[in-house]
Number of protein chains: 2
Amino acid sequence: MSEQVMVTEVGPRDGLQIAAGRMPTPVKIRWIAAMAAAGLREIEVGSFVPPRVVPQMADTAEVVRATVALPSVTVLALAPNLRGAQDAYANGAHRIVIPVSVSEGHSRANLNRTPAEQIAEVARMAEWVRAQPRAMGIEAACSTAFGCSIDGVVAPAAVVAVAEGLVAAGVDSLALADTVGYAHPAQIRTLVRTVRAAVGEKLVRLHLHDTMGLGLANALAGVEEGIRQFDSALAGLGGCPFAPGASGNIVTEDLVFMLESMGLPTGTDLGALIAARAILAEGLPGETLRGGLGRAGIPRTYRLAA
Amino acid sequence: MSEQVMVTEVGPRDGLQIAAGRMPTPVKIRWIAAMAAAGLREIEVGSFVPPRVVPQMADTAEVVRATVALPSVTVLALAPNLRGAQDAYANGAHRIVIPVSVSEGHSRANLNRTPAEQIAEVARMAEWVRAQPRAMGIEAACSTAFGCSIDGVVAPAAVVAVAEGLVAAGVDSLALADTVGYAHPAQIRTLVRTVRAAVGEKLVRLHLHDTMGLGLANALAGVEEGIRQFDSALAGLGGCPFAPGASGNIVTEDLVFMLESMGLPTGTDLGALIAARAILAEGLPGETLRGGLGRAGIPRTYRLAA
């Protein structure tokens, strides 16, 4: 293996949205800039959702406007509906990420819609975006694809149905999201193959949580199945409001260490990434920062042991 | 994959030896008994080393004598030298584990011997053990096989040389130990293949630490290379005195979750394992208990999602 892997930082969105504290906007922008300078080329910087629902994301428009001006970074924003897509577009986001729960229970709890209703919304969003003069990417994330804390087991056939619906709705690309952290490596392999058999190269990404400690094992399985785009969060920030005890996204710096060690370049500077944890700590005092490398430092064998 | 995997609990030895507190002997025995009752069939219960060096292990003789009386559990004890092997034998241990550092720096720091001197000691130990009326297993662990915090990169050829020396010295089986947690999955695959090419089925085990967050990814790589015995510690207890910031062994309950989810039976009761964390917490108040399942609970899809 020697291909480039895209590590997409989602901490400013998926991490901060459920943090107890609220990161000041200037610190947030500085943190994102530091991660971009460390070589992360795709960063999900916020979420266009009502501020009364997610107050931590109230400054998303300002953050998008500030960060699209950074060199060499693709700025992503979550948009759950047409209004969100329009706001993302108006503020210059390069790509929107649309959450679409596969399980009925999570879909109703998170979006107040059925999966079918959300797919219909995605079709409206795609139609609107395609009609605008500027190009903006559209990715949909199949949430709860590996299981749901509300509905339990999620059938692979249900994931395929949602994925096919989203491709028909006009998205550019698809992610499979282990929203509540229930996935295991064999399941990753099976579901990636199954969904790819249905929608081919539209499936590009895994969004993994480290709830059960299996996050990087699941990423490894994904890499070995040919996935080359992964969401992660610096210091493993994040979780899920519907997954009690969920411990957040897979840790960006640990993921980078694993990939680079295996000969898969990420284009990042690991030391600079770890250093960016300090800005996160400054902006969110008291928040638990997770991760092996942040605690233990970079192994002296980094990139030297094959 | 549908073979049985042996999960060998090493928390009472590798975990407790560097804990800040000292677990009272009766609690230690109760904790070991609870883990045995939860289905762990091999438990490393202590270390026959001078009490002035590792005071937490001063009760190892008593713990071995108490736990060999438990039904259906193989009791292991670490023994770094002939004296330790004799003590282990005298107290009825079923198997000894002998640490043999591959790197010169770690060998001197940990054992005050060169690797070659330690291999010679292993030969003396094996000769003595074989001359006794009762059978006692002899396993050697190739420490720092994946890198060393003191010496840096450890050459695979050095690991092979130590492994071959240990087989010639008469051990029953070998482990590769990622003592300082530097390993990555590609390295696991390569080294397992390389060492197996040299010593065949004598290589049975991986001893992994989760220092960089890659512990279960490394275990996955090991499983896929055919390794069927893994050391782990309940709640991820442990670390290494020569690896600052090391965060301990891979987490027994998370490893069990991964293996069982993948259709590899471990013979354990996951709920009972998690419940045994309470005894650990009682015996070592203030110690950090790690692990995903201990925090988040057992996913409701456990063993239901293929």
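In which loop of chain A is A:Thr144 found? The model examined here is predicted. In it, A:Thr144 sits in the loop that links strand S5 (137–143) to helix H7 (156–169) of chain A. The backbone at this position stands out on one count: A:Thr144 is not a glycine, yet its phi is positive, at about 55°. A:Thr144 counts as buried, because 33 C-beta neighbours lie inside 10 Å and the cut-off for burial is 20 or more.

A positive phi is also found in chain B. B:Ala235 is not a glycine, and its phi is about 60°. The residue belongs to the loop between strand S8 (229–232) and helix H10 (252–261) of chain B. B:Ala235 has 27 C-beta neighbours inside 10 Å and therefore counts as buried.

The relation between the two chains was examined next. Chain A is superposed on chain B by a rotation of 180°, with 0.0 Å of shift along the axis and an RMSD of 0.0 Å. That relation is the one given by a two-fold axis. In chain A, A:Ala217 has the C-alpha nearest the axis, at 1.9 Å.

The contact between the chains draws 41 residues from chain A and 41 residues from chain B. On the chain A side, at least two residues each come from helix H8 (185–199), helix H9 (215–224), helix H10 (252–261) and helix H13 (292–296). By class, this side holds 22 nonpolar, 15 polar and 4 charged residues. Of the interface residues of chain A, 100% are also interface residues in chain B, so the copies meet through the same surface.

Nonpolar packing was then considered. In soluble globular proteins, nonpolar side chains tend to be buried together. The largest nonpolar core of this model has 196 residues. Within this core, A:Ala77, A:Cys142, B:Ala77 and B:Cys142 touch the most other members. Leaving aside residues up to four places away in sequence, B:Ala77 touches residues including B:Val45, B:Phe48, B:Val64, B:Ala88 and B:Ile96. Its contacts also include B:Glu44, B:Ser47 and B:Thr60.

One helix pair in chain B was examined in detail. The axes of helix H7 (residues 156–169) and helix H8 (residues 185–199) of chain B come within 9 Å and cross at roughly 35°. The crossing of H7(B) with H8(B) is right-handed. From H7(B), the residues in contact are B:Pro156, B:Val159, B:Val160, B:Ala163, B:Glu164 and B:Val167. They meet B:Leu191, B:Thr194, B:Val195, B:Ala198 and B:Val199 in H8(B). This contact comprises 9 nonpolar, 1 polar and 1 charged residues.

Technical notes: Residues are numbered from 1 along each chain as its sequence is written. Chains are lettered from A and ligands numbered from 1 in the order in which they are written. This is a predicted model: local features need pLDDT of at least 70, side-chain atom pairs count only at pLDDT 80 or more; totals for chains, interfaces and linings use all residues. Copies are superposed by least squares on the C-alpha atoms of residues with pLDDT of at least 70 in both. Two residues are in contact if their C-beta atoms, placed from the backbone, lie within 7 Å. A nonpolar core is a set of buried Ala, Val, Leu, Ile, Met, Phe, Trp, Tyr and Cys residues joined through C-beta atoms within 7 Å. A residue is buried if 20 or more other C-beta atoms lie within 10 Å of its own, exposed if 12 or fewer, and partly exposed in between; C-beta atoms are placed from the backbone. Helices (H or I, at least four residues) and strands (E, at least two) are DSSP runs, numbered from the N terminus. Ala, Val, Leu, Ile, Met, Phe, Trp, Tyr, Cys and Pro count as nonpolar, Asp, Glu, Lys and Arg as charged, and the others, Gly among them, as polar. Axes are lines fitted to C-alpha atoms, for helices over the stretch in contact, and angles run from 0 to 180 degrees between N-to-C directions. A crossing is left-handed if the near helix is turned anticlockwise from the far one by less than a right angle, and right-handed if clockwise.
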